[in-house]
Amino acid sequence: MKKMTFALCFCNRGFMPGELIYEAREDMIKAVTDAGYDYIAMDAELTRYGGVETREEGLLYAKWLKEHEGMYDGVIFSMPIFADENGAITALQDAGVPILMQAYPDEIGKMDFRHRRDAYCGKFSVTDVFTQYGVPFTVMKPHVVHPLSKAFARNLRDFAAVCRVVNGMKRFNLGCIGARTTAFKTVRFDEIAMQKYGINVESFDLSEVFFKVRSMADDDEAVTAKIERLKNYSDFSLVPESNMLTLAKIGAVIDQYIAEYHLDALALRCWNEMETEMRVCPCVLLSELNDRGIAASCEIDMCSALTMRAMSLASEQPATVLDWNNNYGEDENKVILFHCGPVAQSLMTGKGTVTEHKMFAKNDPGSGWGCNEGRIRAFDTTLSNCQTRDGKIIVYASEARFTDDPIEDAFFGCGGVAEIPDLQNKLIKLARGGFKHHTSIGAGHMKEVLKEAFTTYLGYEWAEID
């Protein structure tokens with residue numbers, strides 16, 4: 001993966017001590033590169049002190065930014081002194097990427113005119129004008145922060161995550177493989193609403209998948225490669241050879257769709273035709289997709305695939321979709337989150353075991369090979385999902401943690417115990433808000449990152465459940 005790159009922009013104000021800008025350039029370059037990111041910056045010799053003050057200097061920077069379009073993921077606007085808002089908005093109103101507003105703190109003992117910055121105040125001038133122009137920007141705590149501080153390192157990490165979500169979600173392809181299961185109206189979605197937000201849906205009929213699978217030779221290179229990949233991925237020792245072959249063919253067909261249509265995420269109709277016609281359950285295939293960075297949801301839950309992709313972008317780790325499935329004894333803040341096996345191995349305690357899906361085996365033995373059983377490991381997590389309503393996408397997020405509390409061996413599928421503060425009130429809000437029985441989960445706490453990306457830049461509606 002290429003390093004994230006930030007375009008750096010510095011302010012100036014004629015009557016302020018401009019020499020401080022030179023120090024700011026050095027500080028910010030060090031902060032960005034120490035964090036593992038790249039940067040681009042306009043030649044410091046092109047303007048006075050290398051900052052932007054006048055409209056002319058703003059136009060010069062905007063022209064430079066346009067010439068470097070596609071080379072940067074976000075802009076950091078650094079205010080070492082009180083900024084000139086006219087130059088700032090001229091420079092950045094067409095940046096087209098997230099903009100982080102950073103202002104320097106003043107220091108006690110250095111409040112004389114030579115050293116006083118007044119950036120605490122100047123930051124409001126800039127954010128006020130950007131708001132008037134309708135140009136979105138990001139502000140973080142604390143209000144003023146030195147680039148070489150630990151606080152700014154955290155800001156930079158979170159801003160990078162915001163940039164990944166915004167840039168990865170503003171336009172992407174989402175595959176819909178199969179029609180919605182008739183019994184699950186809960187996963188209905190508005191395709192036109194998604195398109196309005198830049199999400200292009202590509203639909204595929206399940207009958208075409210079955211035709212492709214049946215037409216594929218057993219010794220097809222893609223099939224043999226998929227068998228090897230799957231056997232290295234999870235424990236298939238219990239799976240009959242014929243079912244293993246079918247799973248590999250389905251996986252190869254899905255890979256073809258991903259490559260041909262440039263799919264970034266997908267949702268699959270996983271029952272009950274897969275079981276009755278193909279004699280497999282595709283859970284482990286979704287698990288493998290999630291583990292290699294393709295957000296893959298089951299039960300045609302397109303909304304979960306959307307939030308899974310956002311969390312994967314934010315965390316740079318896999319996400320998955322789970323049912324709000326079981327209470328955990330009498331602890332009202334704990335819940336067993338479960339699904340049959342789409343959980344990425346990296347989110348599990350160990351390698352999964354591919355079994356026959358017990359729900360299908362009950363009435364039709366041999367029909368459900370592909371359930372990837374295991375347990376979800378302990379880690380901090382974020383839960384999020386969305387819905388489409390009246391042409392809008394409405395999303396929620398909350399933070400929790402998976403515990404190492406045991407779940408009895410007889411509990412099939414892949415589950416984990418999540419401890420969620422004030423869970424009962426959150427469940428009421430989810431129910432009254434019309435959210436589904438699924439939630440998507442990702443690794444790490446990222447609620448504020450998601451909220452910033454979704455509401456400030458992407459225009460989603462936010463449902464507060466905390």
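**A covered helix and its surroundings**

A: Let's start with helix 3, where the buried residues are Gly87, Ala88, Ile89, Thr90, Ala91 and Leu92. Keep in mind as you look around that this is a predicted model. Helix 3 runs over residues 85-92, and with six of its eight residues buried, it is mostly covered. What do those buried residues pack against? Their partners are helix 2 (55-67), strand 3 (74-79), strand 4 (99-103) and helix 4 (119-133).

Now follow the chain on from helix 4. The loop between helix 4 and helix 5 is where you'll find Pro142. The peptide bond joining Lys141 to Pro142 is cis, and its omega is about -5°. There's also a cis peptide bond from Trp271 to Asn272, with omega near 0°. Asn272 sits in a loop too, between strand 7 (265-268) and helix 10 (273-278).

Helix 5 takes us to the largest pocket, because that helix gives the largest share of its lining, eleven residues. This pocket has a volume of about 1,300 Å³. It is lined by 46 residues, and the closest to its centre are Ala161, Val162, Arg164, Leu313 and Ala314. Which elements give two or more residues to the lining? They are helix 5 (150-169), helix 11 (283-291), helix 12 (302-315) and helix 15 (447-457). Sorted by class, the lining comes out as 16 nonpolar, eleven polar and 19 charged residues.

Helix 11 turns up again in the second largest pocket, where it supplies at least two lining residues, as do strand 9 (319-328), strand 10 (331-339) and helix 13 (358-363). The space in this pocket is about 310 Å³. Of its 23 lining residues, Glu299, His339, Cys340, His357 and Met359 are the closest to the centre. By class, this lining has 15 nonpolar, five polar and three charged residues.

You'll find it in the loop between strand 8 (295-298) and helix 12. Is Glu299 buried or exposed? Its relative accessibility is 8%, so it counts as buried, the cut-off being under 20%. Ile300 lies in the loop between strand 8 and helix 12 as well. Phi of Ile300 is also positive, near 55°, and at 1% relative accessibility Ile300 counts as buried.

What about the cysteines? The structure holds zero disulfides. For Cys11, the nearest cysteine sulfur belongs to Cys9 and is 8.3 Å away. Cys11 has 0% relative accessibility, so it counts as buried. Cys371 is in no disulfide either, with the sulfur of Cys283 as its nearest, 5.0 Å away. Cys371 is likewise at 0% relative accessibility and counts as buried.

Finally, let's zoom out. The protein has 15 helices and 17 strands. Its radius of gyration is 25 Å, close to the 23 Å that the globule rule gives for 466 residues, so it is as compact as a globular protein of that length. Taken along the principal axes, the C-alpha atoms fill a box of roughly 80 × 50 × 40 Å.

Methods
Residues numbered from 1 in each chain as written. Predicted model: local features only at pLDDT ≥ 70, side-chain atom pairs only at ≥ 80, totals over all residues. Heavy atoms only, no water. Disulfide = S-S within 2.5 Å. Buried < 20%, exposed > 50% of the residue type's maximum accessible area, 1.4 Å probe, protein only. 1 Å grid on protein atoms, 1.4 Å probe; cavity = no way out; pocket = protein on both sides within 12 Å on 5 of 7 lines; lining within 4 Å. Points joined across faces, edges and corners; volume = space filled by probe spheres on them. Helix = DSSP H or I, 4+ residues; strand = E, 2+ residues; numbered from the N terminus. Nonpolar A, V, L, I, M, F, W, Y, C, P; charged D, E, K, R; others polar. Rg over C-alpha atoms; globule rule 2.2 N^0.38 Å. Contact = heavy atoms within 4.5 Å.
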